[in-house]
Each structure stands twice: as C-alpha cells, then as structure tokens.
Amino acid sequence: MATAREIHRHMKSVKNIGQITKAMKMVAAARLRRAQERAAASRPYAIKIKEVLSNIVGDKGTLSGLNPRKHPLIQKRPVKKIGFLVMCSDKGLAGAYGSNVLKHAMGEILKVKGEVVIITCGRRARDFFRHRGFNVIQAHFGFSDKPSYNNAVEVAYDAAQRFADEQFDELRIVYTLFKSALSQTPTNETVLPLEPPADEAPKGGEAQVKANTQYLFMPEAEEILADLAPRYLETVIYAALVQSAASELGSRMTAMSSATDNAAKLVKSLELNYNKARQALITRELTEICGGAEALKQN
C-alpha cells in the first residue's frame, strides 16, 4: 500500500492536471463561440456567390449557350486520378475527433479503384497518411483550430493549380460537419471540377422575387466567371475549415470537461485513501507507544 506522502504527492499532481484541463476547456469554449460566429457571418456571402454563379453558368444562366466548361476549374475530364483534401487537427486532446475523420477518410479512399493523391490540412492527417505510405503531395498545418479566410485562399489556390496541372482529375474534400459540442459528423463532397449549385426551391414570396432577379455584368460575364470560380472554391473550403475548427474545439471542450470531472473524482478517492493511510499510521504509532509503555511497566 502507498504511503501517505506518496498519496499526497499523487493528489497534488492530479489537482494540477485538473486545473490545466479546466483552463483548456474554457479556452476551447471561447474559441468555439468565435468559430460559430465566423460560420454564421460567412453564410450570407456563400449564399449570394452561389446564386451569382448559378446565374452565370446554370441551365438558364448567362453563359449557358457559350460552353463555360472551358474554364479550367469547371472543365470535366476522364477521372484517372482522384485527390482527397483531408482536414484534421494539428494537436491531440480532442477526444475522438481526429480518429473519426481519419477513419472516414480511409473508408472513402479504399473505395477508389484508381490512383489516389492526398492533400492534408493538419499535422495529424499528414503524419497519419505518410506513415501508411500514401502519396501526400501537399500538407497545410498550423491553423486547424483558428482558420482565417487567407488560409482558405492558400489551400484553394494550391488545389486549383494542381487540378489545372492535371495532378488529379477530381478533388474530394473530407471534413467534419459541426452539429453541436457533443455531435460532429465526418462527411465528404466533391469540390473539383466545380459544379454550378442547383437552385433551391424558394418558399412563399421568394418565388416571385427569384423569378424576376436579373444580373447585369460589367465587365463581361466571362471575365466575372474567371474571378468568381476561384472565389467560390475558396468559399467552399473556408466553410469546411470553419466547420472542422468548430468540431475540433467542441470535441476538445467535451474531452477536457470529462477530464476535469474525472480528476475531481480521482482527487476525492485519493483523499479517502490519504485519510485511511494517515489513520493507519497514527494507529500504528499509538500501538507502538502503548506497547513500549507496557514493556516499561513490566520491567
């Protein structure tokens, strides 16, 4: 059985760990709130850019008769090589967040019969796939829990250049969809070649407004498309980065909350053992004193 001093030392270390996990929980909660605010703030821009892109290259769009598929990001070609953009965390201590998204990515990759190349966001994804011998052609890291739009621009530009250079013929993005701090769902979607967003069925009075909406492009629509297509890709990737960041922070907040609660329970258990050890020590000392006193009386 451990001595009282050893138990006291263990209690002190557990209390320190509990304070650290509590601080990490509070930091994750603050960052999670900001990530949710960024996601909400970017949604109107994403909706409008989808609407404009549909107006340019959709079935009834401005360029519907001018073959917009000539644009390098929209042009389709035979799929011989598929690229995967996998978004994961830079650090651990986030519960099952990392393992869930990497497991989902592996499942999607194993379904592909052709050649696969991988672009990663996050150190854990980079190390995971390199350790297993996959062809990781680019790795982005350092911003998994606090992505900015500039990070999305960097990732989108790299992916667009590699797609235009035919390093892959299709790009699929794997990320985690944030639902709540307790629920995150790994998901995937195809982002290259770009598909014009389908028009959603309007509700109520929106139908007449959408039907009468017309755009006057200046300069020409072709020039607008050349600038709009990369921006649409940036928007899609930024949305995925923000969703992944919120999922990571939510999972970390939950994990640190559980760790803090477990530390408190362990401290209570150690305090009980510590009191038992002290009581046993005091009882033993009293027994020795009484035994010594009895020995002196007999002498």
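A search of the whole structure, which is a predicted model, finds one cavity of 30 Å³ or more. The volume of the largest cavity is about 70 Å³. Fourteen residues line this cavity, and the closest to its centre are C88, C121, F143, S144 and L241. As to the class of these residues, the lining has eight nonpolar, five polar and one charged. Which element gives the largest share of the lining? That is helix 6, with three residues.

Let me stay with helix 6, which runs over residues 221-298. Two of its residues deserve a word. Is Q243 buried or exposed? Its relative accessibility is 18%, and the limit for a buried residue is under 20%, so Q243 counts as buried. Setting aside neighbours within four places in sequence, Q243 is in contact with Y175, T176, L177 and F178.

The other residue is L228, also found in helix 6. With a relative accessibility of 10%, L228 counts as buried too. L228 and L53 are 175 residues apart along the chain, yet their C-alpha atoms are separated by 7.2 Å.

I turn now to helix 2, residues 97-111. How does the span of helix 2 agree with its 15 residues? At 1.5 Å a residue, helix 2 should span 21 Å, and its end C-alpha atoms are 22 Å apart, which agrees. The buried residues of this helix are Y97, G98, V101, L102, A105, M106, E108 and I109. Because they cover an arc of only 165° around the axis, they sit on the same side of helix 2.

Finally, the chain as a whole. Its secondary structure comes to six helices and five strands. Read along the sequence, these follow the pattern α-β-α-β-α-β-α-β-β-α-α. The protein chain has 299 residues, of which 39% are buried. Among contacts with a separation of 6 or more, 76% are accounted for by residues 24 or more positions apart.

To close, I return to the cavity: helix 6 provides the largest share of its lining, and L241 is one of the residues closest to its centre.

Notes:
Residues are numbered from 1 along each chain as its sequence is written. This is a predicted model: local features need pLDDT of at least 70, side-chain atom pairs count only at pLDDT 80 or more; totals for chains, interfaces and linings use all residues. Side-chain values use heavy atoms; hydrogens and water are left out. Helices (H or I, at least four residues) and strands (E, at least two) are DSSP runs, numbered from the N terminus. Buried means under 20% relative accessible area, exposed over 50%, partly exposed in between (1.4 Å probe, protein chains only). Contact means heavy atoms within 4.5 Å. The expected span of a helix is 1.5 Å times one less than its number of residues. The arc is that of the directions from the helix axis to the C-beta atoms. On a 1 Å grid over the protein atoms alone, a cavity is a set of points where a 1.4 Å probe fits but cannot get out, and a pocket is an open set with protein on both sides within 12 Å along at least five of seven lines; lining residues have an atom within 4 Å of a point. Grid points are joined across faces, edges and corners, and a volume is the space filled by probe spheres set on the points. Ala, Val, Leu, Ile, Met, Phe, Trp, Tyr, Cys and Pro count as nonpolar, Asp, Glu, Lys and Arg as charged, and the others, Gly among them, as polar.
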